[in-house]
Each structure stands twice: as C-alpha cells, then as structure tokens.
Amino acid sequence: MTVAGSDQDAGVEFDPFSAEFYDDPHAIYPRLRRAAPVYYSRRHDFYALSRHADVAAAYKDWETFSSAYGEDLGMVRRGENPPAKMIISIDPPEHRVMRSLVNRVFTPRALSGLEGMITATIDRFLGAVDADGFDVVQDFSVYFPVEVITQMLGVPEEHRQQIRLWIDESLHREPGQIDISEKGQQALANIFMLYYDLIKQRRADPRDDMISALIAAEVEREDGQRTRLKGSEIAAFATLLGGAGAETVTKLIGSAVVVFARHPDQWRAIRDDRDKVPAAIEEVLRFDSPVQYNVRRCMRDVTLHGVTIPEGSPVFLLGASANRDPDAWTDPDTFDIDRDRTEAQNLGFGYGIHSCLGAALARLESRIALNRLLDLMPEYEVQWDGCRKVSMQNVSGWSHVPVRIQR
C-alpha cells in the first residue's frame with residue numbers, strides 16, 4: 001500500500017487542530033493541493049482530500065465516504081455510531097426519512113413566509129448598536145441567527161441565547177485539542193434535554209412551531225410502515241438545526257464585513273446595485289467559507305493519485321480548499337462578486353445528500369442582514385487591532401470584528 005502524500009514524504013504538514021490553522025486555514029491549502037492531494041497525517045492518523053474534483057466526488061459518494069460515524073475526527077476514529085442520531089450522522093436509507101422532513105420545512109413558500117420575522121429580528125439587534133461604530137460579530141451577528149432558528153423551532157425567548165452559548169462551548173477547541181471537552185459534552189446534553197423537555201410540552205400543548213409540526217408528522221420508514229418520530233429523533237434534529245443555523249450565518253456575516261473592508265470597490269458595487277447581494281453572498285461562501293471541512297469514514301480501500309486510503313480511515317473533505325482550487329475556478333484567490341459561478345460547484349454548504357439542511361434559510365438571512373448593513377454603514381473601516389478569530393471544530397471565522405462607520 002502506498003502512503004505517498006504523507007506529511008513527512010511530501011514535506012507538507014497539515015494540522016487542523018493547530019493555532020496556525022485556526023488563524024489562517026488557507027495558508028496551507030495550496031501546498032496540499034499541489035504536493036499532497038491525498039494527504040496522510042501520521043500525527044493524527046487521518047487522510048485529507050483538498051482538490052475540488054476529489055472533494056466534490058467524495059461528498060456525493062456516501063457509500064464510500066460515510067457520515068454514519070459522526071462529524072469530527074475523534075468520533076470517526078472510534079468507529080462507533082453516535083448515540084444520538086442526527087441527520088448529519090446518518091446515511092441512507094434512514095437519511096431519506098429525515099431529509100424529507102427538512103424539504104417540507106425549507107420550501108421556497110415556507111421561507112417567504114418567514115422573511116418578515118427574520119427582518120424584524122435583524123432590525124431589532126442592529127437597531128441596538130452604536131451608530132458610530134460597533135463590533136459586527138459581538139454586537140450583532142452572534143445574536144440574530146440563533147434567535148431566528150430557535151423562534152422557528154418554538155424555543156421560549158428566555159432560552160434562545162443560552163442555546164447559543166452552549167453551541168459555542170460544544171464547538172470550541174483549544175489548539176491541539178481533538179475531542180470535545182467535558183464542558184462541551186455537557187453543553188450538548190443541555191441543548192438536547194432542553195429540546196426534549198420542549199417536545200414533551202408540545203405533545204400536551206401544540207403550537208404553531210417546527211417542534212409541534214415534527215411531533216405531528218408521519219414518516220414512512222424503510223420497511224414501509226408509517227410512524228411518528230420519537231422524541232429523541234426530534235431532539236437530535238432540533239439540536240443539529242439550532243447549531244448549524246446559529247454558527248454558519250454568524251461567521252458568514254463577520255467574514256463578509258472583513259472581506260469587503262479589504263475590497264472596498266466591491267462593497268460600493270453592491271451598495272449601488274443591491275441586485276448583486278445574492279451573488280456577493282455566494283462569493284463570500286466560496287472565498288472564506290464558515291465551514292472548512294467535514295470528516296467521513298472510508299468504507300473500503302480507495303486509491304487516488306497513487307495513494308491508498310485504507311478501509312476504516314477518517315477522511316477530511318476540505319471543502320474550503322476545494323473552493324479555491326485553480327483547476328476549478330479562474331483566479332480563485334481573487335474575491336470577485338461578478339465571477340462566473342457556473343465554473344464549478346460552490347462547496348460552501350457542502351454537496352450531495354449531506355449538503356447543508358438550512359442553506360436556503362442561511363442565504364435568506366444573510367441577504368437581509370447584508371442589505372441592512374449596507375444601509376447602516378455605506379462606508380466603514382475595520383479596526384484591525386481588535387479583530388479576533390475563533391478556535392472551533394471545523395468552523396472558521398471571526399469572533400470580533402469592530403468597525404467604525406464613516407459619515
């Protein structure tokens with residue numbers, strides 16, 4: 001078995017748990033794509049795919065690159081099925097059942113009915129910031145995404161921001177830390193139990209919210225029987241939706257403000273032509289994706305570029321690297337809101353059956369938020385000394401982005 005492309009053999013070291021990676025993940029990706037497209041880490045015993053063609057193909061091939069063993073290296077390496085089944089960590093046939101529920105929730109018609117609530121939520125938090133300058137993340141984008149998704153689920157207002165704090169705790173990693181901390185495990189348990197208790201309340205007193213709808217829903221199991229969802233299934237589903245719905249948009253908005261500060265001509269372009277905002281969001285997703293990678297378990301021996309990935313190995317699918325692959329995109333390291341988006345598949349929200357559940361919702365929230373920021377700060381400058389990056393499991397972005405609004 002060939003193990004070319006390992007960290008020692010290729011002279012490349014990729015450590016997704018290092019402070020250097022958290023600070024600038026894109027610094028290592030060009031070397032990986034060029035010298036070690038199938039990278040093996042002897043330090044952490046995983047493989048990584050970094051080229052667009054390979055990552056996109058792996059995302060679509062769920063039978064070979066399975067999600068059923070969890071979503072981080074520690075879980076996948078243990079080779080055990082997660083105790084709580086979330087849609088992100090199950091494969092077909094079970095996956096089809098849960099995905100069909102998501103498709104009902106996030107239809108274009110359903111989302112159009114949410115636009116008023118989303119706009120009001122964004123305006124509430126943005127209306128509270130200092131009109132001369134504020135921290136785009138700490139004063140704004142950390143708040144509204146979790147508020148939106150938990151409102152949809154039916155979480156009482158007094159618990160919504162607590163869920164955000166628990167989500168942050170569950171995702172936080174100190175440099176060098178691979179497994180979730182005890183505090184992070186407790187935070188996940190707290191979220192799960194909050195939803196489980198809410199499910200019990202909604203069974204007795206249904207409301208007009210997603211939890212009540214999931215309780216009432218009948219699903220067709222793979223054996224053909226139609227059943228209701230178990231409380232544990234709904235709680236796991238809500239835990240995932242709440243986490244993904246909070247983190248992705250929070251990081252996307254922070255990154256957008258940073259990227260546009262470095263490309264003020266493009267900020268002026270969307271300020272003057274708001275029809276460009278959706279394309280701008282897609283370019284931020286491509287250029288500086290909130291989700292850097294997903295981890296899969298290889299279910300058979302696979303040989304790529306002369307390297308054999310053994311059955312049972314954890315494999316990092318580096319979607320953020322793929323989104324800057326020069327074999328897929330023209331001038332991929334150039335931020336260009338007018339680029340030809342048909343050149344390649346944008347992997348910012350994943351691809352295949354496990355593409356992001358709430359991608360349409362995230363795009364809608366981001367479009368409204370970016371338009372509101374354009375209204376508030378048509379000209380601004382970032383206070384670079386105050387900017388800070390997050391240190392999180394598979395999520396990249398900014399925890400602090402202070403700005404001064406220019407009048």
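I'll start with the lining of the largest cavity: Phe-21, Tyr-22, Pro-25, Gln-292, Tyr-293, Val-390, Met-392, Asn-394, Val-395 and Ser-396. A cavity here is a set of points on a 1 Å grid over the protein atoms alone where a 1.4 Å probe fits but cannot get out, and lining residues have an atom within 4 Å of a point. That lining divides into 7 nonpolar residues, 3 polar and no charged, with Ala, Val, Leu, Ile, Met, Phe, Trp, Tyr, Cys and Pro counted as nonpolar, Asp, Glu, Lys and Arg as charged, and the others as polar. The volume, meaning the space filled by probe spheres set on the points, is about 60 Å³.

A word on the source. This is a predicted model, where local features need pLDDT of at least 70 and side-chain atom pairs count only at pLDDT 80 or more, while totals for chains, interfaces and linings use all residues. Residues are numbered from 1 along each chain as its sequence is written, and side-chain values use heavy atoms, leaving out hydrogens and water.

How many cavities of 30 Å³ or more does the whole structure hold? The search finds 2.

Finally, Phe-260 touches residues including Ala-280, Val-284 and Leu-370, contact being heavy atoms within 4.5 Å.

Key. 1 Å grid on protein atoms, 1.4 Å probe; cavity = no way out; pocket = protein on both sides within 12 Å on 5 of 7 lines; lining within 4 Å. Lists of a residue's contacts leave out its neighbours within four places in sequence.
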